[in-house]
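Please look at the sequence and the model first.

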Amino acid sequence: MRPRVIPQIAAPRGVVGVLAAGSLALAGCGGSNTVNPAIPAAEAAMAAGDIDCVDGKIQTAGSSAQANAITEWVNVYQTACPQSTIDYQPVGSGAGVEAFLSAQTSFGGTDKPVVDEDLAAAEERCDDNAAMNIPLVGGAIAVAYHLEGVEELTLDPQTLARIFASEITRWDDPTIVALNPAVELPDAAIAQFHRSDSSGTTANFSDYLEAIAPDAWDYDTGKEWTAPGGQGAKGSDQVIASVAQTPNSIGYVELSYILDAINAKPVAIDQGAGPVLPTAENASVTLASSPSTNDDGNIILDIDYTTQVPGAYPISIVTYEIVCSAGLDQGQNPELVSAFLSFAASDSGQALLGEIGYVPLSGDLLDGVRGSVDRVAQGAGR
Amino acid sequence: MSLLTPPRITGSSVRPGDRNFRFITTGAGITVLVVLAAIAAFLIWKSLPALQNNTGNIFTNEQWLPDADPPSWGIAVLIFGTIWTSVIAMAIAVPIGIGTALYITFYAPRRIARTLGFIVDLLAAVPSIIFGLWGLYYFMPEIVPAAQWLSTYLGWLPIFSNDLDLYTKSILIAGFVLAMMILPTVSAISREVFWQVPKGHIEASLALGATRWEMIRMAVLPFSRPGMISAAMLGLGRALGETIAVALILSAVFEINWQITEPGGNSIAANIALKWGEAAGNGRSALIATGMVLFFITLVVNMTARWVVNRRREFSGAN
């Protein structure tokens, strides 16, 4: 049944390197004196003892949702350790897991944890050692709106679900007015944007709506948007651009896209504990307070979308790396895998996430993740 | 014709150069066929799994859930969107393209004709992603008032009505952008065809006192009809298969909607571009199945075009 692995894995190597070189060149154009923007972060991480250099090269692939986070880590790590090369191909979660299971990559990145028969296949791939899902990159989905003169907008989950289900179609709907008594809402149709391409962002957003507003949201969850109405746009970049360009619009995007958006502002979500804005800190609260299972280092987080913890932004996500606890072929450089994961899970590594629109892990969750990373280090004999 | 047929080379008089060249050209011809057959075989082979476990009717199902359990997907929406955008593009591009070609060939002063012809050809060299981005970021906001006007004053025609009061990301806009993309194809081929109208026909009709319009109507258009049809069909081929510009512009929803000013629409090629990256297993297989349908549609369009051209040729006196 399992389809053959897609030959994209064999795509040109060093994409990450090219990207790094590209951003380097751009930084140069900016007139800044800094040659490589990753240098300060690399120096800080070295000083903190969070980077342990291992020479060599690893090939990895997986979720595009965490691609920017991994690229940032790779930039910093490779700047600190010029003898190391880490290639991360953002081919998507499915293809990333396939590539890991067929032993083409040293580890895989995935939006959903690897479970059941896939996990068994992963253990087989790890030479009959345990395979672990390690949540490493937190994220959040922001709901962006564009309303002239409206600086703050609060929605509750029910209203949000009904807007995205096209049941509430006008901004001056009594439900929205009641939630925003101090705001002058226009008598205009809501231009609702969603992703037209298959996307983990859509899957997470509809999972959230289904979990918290099952009465208002009875559409399929998954990577395809199946609710009626609204307009599709390709990628988070097009969604935020469409929202910015279209007055009276609303759409959902990954957190990083709202940070420097023009004309688009984030909706504060009120789940009963007051309105909460999408920020890295607020999403981190949700991740830290969500229940998780830790089965000998295999950590699976069950994000609590219905959270009422004060200051917790509910539409949060986490993406995983699927790794071997031991038994990785020497040719796939288990030492470098371990060193890289240790850096990613370190304070320096996690702090980088917050700067680029991802969500750092914290609390017990981060302790658990470090436990898993230590297991990888033992397996690699470091 | 028979005078031009080269003498058949027989027996021992075959020279190595002739033989080798014949092999090379035959090989080139066969390669094209092999590639085409290989593509068809690949599409059929890869789409079989999804075709077998699809619980919906592939031609009437309006859902796209190939990864659901059980899978349910169909191409009704995609075929509708593909053809509907292309029809609108043709409705805009064919008259303008032929008009441009007529102007360049028969009306424009020589210098302007040359420049204009060059510019139209240049339009064909613009990559489709540029058309897509231009359409999305510049053209779309500009055309919204026109779409509003259409729905306000022509809204009694169902296709122009707009119940949502939203005018972006519509089939109309995609049709306009597609029209611009196929315009150079239609125009350039029509121009070639008009140039081939025998000078004698043109001069004879002018000598008989025909006005320029009468000359075009009676001498040029009948002679050029098969050529214009093939120009339109080639344009249609490009419109049907256009991917990225449509993927950027259309709202890409799975819903059949005739109202061309409302957000909506989808097409086979755009759907593949949008879904491929995150698709795996059955999803990929289903996408390939839609690709196979597009492959056969384009094949049929081209064969129909050939058939029309060949049939018309007998009556037009073009040979």
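Where in H1(B) does a kink lie? The kink, of about 40°, is at B:Ser47, shortly before the proline B:Pro49; the bend at a residue is the angle between axes fitted to the seven residues ending there and the seven starting there.

## Basis

This is a predicted model, in which local features need pLDDT of at least 70 and side-chain atom pairs count only at pLDDT 80 or more, while totals for chains, interfaces and linings use all residues. Residues are numbered from 1 along each chain as its sequence is written, and chains are lettered from A, ligands numbered from 1, in the order in which they are written.

## Helix H1 of chain B

Helix H1 of chain B covers residues 16–53. Helices (H or I, at least four residues) and strands (E, at least two) are DSSP runs, numbered from the N terminus. The end C-alpha atoms of H1(B) are 55 Å apart, which agrees with the 56 Å that its 38 residues should span at 1.5 Å a residue; the expected span is 1.5 Å times one less than the number of residues.

H1(B) is hardly covered, with two buried residues among its 38. A residue is buried if 20 or more other C-beta atoms, placed from the backbone, lie within 10 Å of its own.

## Chain A

Chain A has 14 helices and 14 strands. Of its 382 residues, 54% count as buried. The C-alpha atoms of chain A fill a box of roughly 65 × 50 × 40 Å, taken along the principal axes.

## Where the chains meet

In chain B, 24 residues are in contact (C-beta atoms, placed from the backbone, within 7 Å) with 21 residues of chain A. Strand E1 (64–65), helix H8 (244–249) and helix H9 (268–275) of chain B each supply at least two residues of the side that touches chain A.

Methods. Two residues are in contact if their C-beta atoms, placed from the backbone, lie within 7 Å. A residue is buried if 20 or more other C-beta atoms lie within 10 Å of its own, exposed if 12 or fewer, and partly exposed in between; C-beta atoms are placed from the backbone.
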